[in-house]
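Hi there,

Here is the structure I promised to pass on to you. Have a look at it first, then read my notes below.

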Amino acid sequence: MELYFDGIKIFKDNCKNFDEERLFFEKNDYVIINDIITDELKKYLFDNISYDKNVLNDKLQFYREHNNSECNFFLSKFLNTIKPFYDLVLKKKLSNFIGFSMKYNKDSELLPHYDNYNMPISSTICYWNEDKIEYPIYIDKSFFNNPHPFRLTVNDKKGIPKINIIKININEGDIVIFRGRNHLHWRDKKDIKDYRAILLHTEDYTYNGNLISYVENSDNIIKANINEVKNINIYGLTDINNYDTFRKNYIMYFNNS
Ligand SMILES: [Fe+2]
């Protein structure tokens, strides 16, 4: 696939069909595509995405720096441009992308959590890792049929059985795609100088063969409305501190160990 963003080639590899990656994703709910972003694009993203130091102390953002609002147009243009790549890899209907860019530093700590209702599929595109530090994302391989519409945090890394943990090392130029509503995911706190990634989210919900989307700006896609779901706390973030208790109390939402 030959895609260009503002005249800059996005991918190193032109002619792959990604069948292997798609099968892996369908079986495991995650896949990593290593070293696929061109150096030119990495630099272009680095030069054009700036960050807001004011959110450094925001627990809700896991102490990461969020891109500032001046880059919103640039980022949404990039997300629209790269969408055909995800259509090709996943070979399924996907709703419009929502996303942002994050800069991680030594205070950042992505606690184990499940994502929001409108983001069943997440992707991380790492475009900068200044000191080439190993900074993996971890995924709990247990599939959770998540009933919470908003972020559910299970802040108990030590309580997650080792046998459940998948380590995915995301380096500069790599793209990871995973089902963040169904699998707990997190990173460890590390002494990072400067690590930057675009995080994007999309939906693949279907009914009667049609794509259904909660995302506001999805044109020509059938809309779902979270406000019409009964008995839902639409603003509720949930925090749980013990993994073992969580697994026992939520056992009806799990199929496996
Ligand atoms: Fe997440």
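Here is what turned up, going from the whole chain down to single residues.

Two bits of housekeeping. Numbering starts from 1 along each chain, following the sequence as written. The model is predicted, so to speak of a local feature we need pLDDT of at least 70, and side-chain atom pairs count only at pLDDT 80 or more, while totals for chains, interfaces and linings use all residues.

**The whole chain.** The protein chain has four helices and 18 strands (DSSP runs numbered from the N terminus: H or I of at least four residues for helices, E of at least two for strands). Its C-alpha trace spans about 50 × 45 × 35 Å along the principal axes. Among contacts with a separation of 6 or more, 81% join residues 24 or more positions apart; a contact here means C-beta atoms, placed from the backbone, within 7 Å.

**The sheet.** Seven strands make an open sheet with antiparallel pairing, in the order β3-β12-β8-β14-β6-β5-β4 (strands pair if DSSP finds at least two bridges between them). Since β3 and β4 (51-52) sit at the edges with a single partner strand each, one side of each has no neighbour in the sheet. β8 and β14 are joined by eight bridges, and serine 123 has leucine 200 in β14 as its bridge partner. α3 packs on this sheet, touching β5 (65-67), β6 and β14, and its direction makes about 110° with that of β6 (axes are lines fitted to C-alpha atoms, for helices over the stretch in contact; angles run from 0 to 180 degrees between N-to-C directions).

**The cores.** What does the largest nonpolar core hold? It has 35 residues, and Tyr30, Leu79 and Ile125 are among those with the most contacts inside it. A nonpolar core is a set of buried Ala, Val, Leu, Ile, Met, Phe, Trp, Tyr and Cys residues joined through C-beta atoms within 7 Å. The elements giving two or more residues to this core include β3 (30-33), α3 (72-90) and β14 (195-202). α3 gives the most, with seven residues. Apart from this core lies another, of eight residues, including Phe144 and Trp186.

Cheers

Key
A residue is buried if 20 or more other C-beta atoms lie within 10 Å of its own, exposed if 12 or fewer, and partly exposed in between; C-beta atoms are placed from the backbone. Two residues are in contact if their C-beta atoms, placed from the backbone, lie within 7 Å.
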